[in-house]
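Reader: I've got this one open on my screen and I'd like to talk it through. Could you take a few questions?

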Amino acid sequence: VGDQTGESLCLNQLGYYLSIMGDYEAAAAYYEQSLRLAHQNGFRPCESNVLFRLGLLHNQIGDYVRSRSYLEQAIAIARKDNDPRSVAQSLYNLSWAERGLARPETARGYAQEALAICQAIGDRNGEAAAWRNLGATLINLQEWVEGTVAFQQMLVVCQTLADQDGVIDALAGLASTLLAQSDAAQAQACVQEILDDHDRRGSWQGTYVDMFPVYWTCYQVLKANRDPRTGRILETAYTLLQERAIKIATESRRRSFLENVVEHREIVRAWTSSHKP
């Protein structure tokens, strides 16, 4: 019916669901179409949201420079429109991009700013995401105690919201900080909760769990505790990673996905090492 505003919203959502399923190539194409229509029609809330989601997608494939560009544009629009929730969304994902660019101090500042905004406006889901990105940044800075606190805060918020996907991410973050502090037993307890959840669901595909960092943490903790499930977890992570990589038709994007994201690179390295003749 010629409703280009509605069309841009539909394209945006198609891109979002495809990105959750790991089809980043198709998701990017839908997002770009949505962005073009939203910009042409002056539909600023959709334009800001698509830019935020494009930033998130490029974080997921390890293209942190492009992610930063999209997120900075999203923040500029959201600030001009006095939309603090959208500002915070883009800020905590900008923190992720800055971590990927090996700038953890800058990343910490963005995560802290996002956290303050979310707490001020009562956005509990955003608060959990901000705690997660702050915790990940503190791990990069090797500030293990502070990182533990951040993931504990995230865990409390996610439990309050009954957000089981967030609970899994928080437990994985906790396990990482505990293992770094040589508390392999407590880290194993966190991982056991994670694996119990995985067994109940059968898979995290199609969920909001950031799968590969969680699998990588589980592998590290299980290996430290000489758990016999170590090899199976690594095999699962590697297989799923390759299944997603195959969907990325563009060679540069596929290489970025496999090589630029730390956890992806480490999963490939560990699997290759374990399969040497």
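Reader: Let's start with serine 256. Which helix does serine 256 lie in?
Author: Keep in mind that this is a predicted model. Follow the chain to residues 251–259 and you'll find serine 256 there, in helix H13.

Reader: Is serine 256 buried or exposed?
Author: The cut-off for buried is under 20% relative accessible area. Serine 256 has a relative accessible area of 8%, so it counts as buried.

Reader: And which residues is serine 256 in contact with, leaving aside its neighbours within four places in sequence?
Author: One of them is Val261.

Reader: Now the charged pairs. How many salt bridges does a search of the whole structure find?
Author: Here's one to look at: glutamate 113 with arginine 79, where the closest N and O atoms are 3.0 Å apart. Glutamate 113 sits in helix H6 and arginine 79 in helix H4, so this pair ties together parts 34 residues apart in sequence. Over the whole structure, the search comes up with 19.

Reader: Where is glutamate 143, the salt-bridge partner of arginine 108?
Author: The closest N and O atoms of arginine 108 and glutamate 143 are 2.8 Å apart. Arginine 108 belongs to helix H6, but glutamate 143 is in a loop, so the pair ties together parts 35 residues apart in sequence. That loop runs between helix H7 and helix H8.

Reader: Which residues are linked with Arg201 in a network of salt bridges?
Author: Start with arginine 201 and aspartate 165, whose closest N and O atoms are 2.7 Å apart. Arginine 201 is in helix H10 and aspartate 165 in helix H9, so the pair ties together parts 36 residues apart in sequence. Aspartate 165 is buried at 12%, while arginine 201 is partly exposed at 31%. The residues networked with Arg201 are Asp165, Asp197 and Arg200.

Reader: Zooming out, what radius of gyration does the protein chain have?
Author: The chain has 14 helices and 0 strands, and its C-alpha atoms fill a box of roughly 60 × 45 × 35 Å. For 277 residues, a compact globule would come out near 19 Å. The chain agrees with that, at 19 Å.

Terms used. Residues numbered from 1 in each chain as written. Predicted model: local features only at pLDDT ≥ 70, side-chain atom pairs only at ≥ 80, totals over all residues. Heavy atoms only, no water. Helix = DSSP H or I, 4+ residues; strand = E, 2+ residues; numbered from the N terminus. Rg over C-alpha atoms; globule rule 2.2 N^0.38 Å. Buried < 20%, exposed > 50% of the residue type's maximum accessible area, 1.4 Å probe, protein only. Contact = heavy atoms within 4.5 Å. Salt bridge = Lys/Arg side-chain N within 4 Å of Asp/Glu carboxyl O.
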